[in-house]
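Hi everyone, thanks for making time. I'd like to walk you through one structure today, so please have a look at it first.

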Amino acid sequence: MNSSESWKCPFCGANVNPGDQVCMHCGGAIHNTNVTISDLRSHENSGLNQKKKNKWFLVFTIFSVFVCILVIFSIVWFGILKR
């Protein structure tokens, strides 16, 4: 391990000592005390990617609902005009 990296809680990011079983800051159980700053950064990056995917899924869903409403409205509107 690089000496410039400190050990961090995987839940809250607080400093922990090697061998700790529980984080003194958040109370989270520490199963793997070999969590470093670089591990937390990679975990945060994966969370950001998931948020971006969720954002695009939401945009796509709203757009799809809008298109469906537009199609249904068009069918009803032009169906009424044909009478």
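Let's start with a question: which residues does A14 touch, not counting residues up to four places away in sequence? They are W7, K8, C9, C23 and H25, where contact means heavy atoms within 4.5 Å.

Before going on, a word on where this comes from. What you see is a predicted model, in which local features need pLDDT of at least 70 and side-chain atom pairs count only at pLDDT 80 or more, while totals for chains, interfaces and linings use all residues. Residues are numbered from 1 along each chain as its sequence is written, and side-chain values use heavy atoms, with hydrogens and water left out.

Now the overall picture. The protein has 83 residues, and 14% of them count as buried. Buried means under 20% relative accessible area, exposed means over 50%, and partly exposed is in between, with a 1.4 Å probe and protein chains only. The secondary structure comes to 1 helix and 0 strands; helices (H or I, at least four residues) and strands (E, at least two) are DSSP runs, numbered from the N terminus. Among contacts between residues at least 6 apart in sequence, 35% join residues at least 24 apart. The accessible surface is about 7,100 Å², and 65% of that belongs to carbon and sulfur atoms. Such areas come from the Shrake-Rupley method with a 1.4 Å probe, and for residues only the protein chains shown count as cover.

Back to A14, which sits in the segment before α1. Is A14 buried or exposed? A14 counts as buried because its relative accessibility is 18%. A14 also belongs to the largest nonpolar core, together with W7, C9, V16, C23 and I30. A nonpolar core is a set of buried Ala, Val, Leu, Ile, Met, Phe, Trp, Tyr and Cys residues joined through side-chain atoms within 4.5 Å.

In this segment before α1 you will also find C12 and C26.

Let's move to helix α1, which covers residues 37–81. How many aromatic pairs are there? The count comes to 1: F73 and W77, stacked, at 6.0 Å centre to centre and 20° between the planes. For pairing, ring centres of Phe, Tyr and Trp (its six-membered ring) must lie within 6.5 Å; planes under 30 degrees apart are stacked, over 60 edge-to-face, and the rest tilted. F73 and W77 are separated by about one helical turn, because they are 4 residues apart in α1. F73 counts as exposed because its relative accessibility is 52%, whereas W77, at 45%, is partly exposed.

Last stop: V67, also in helix α1. V67 counts as partly exposed because its relative accessibility is 33%.
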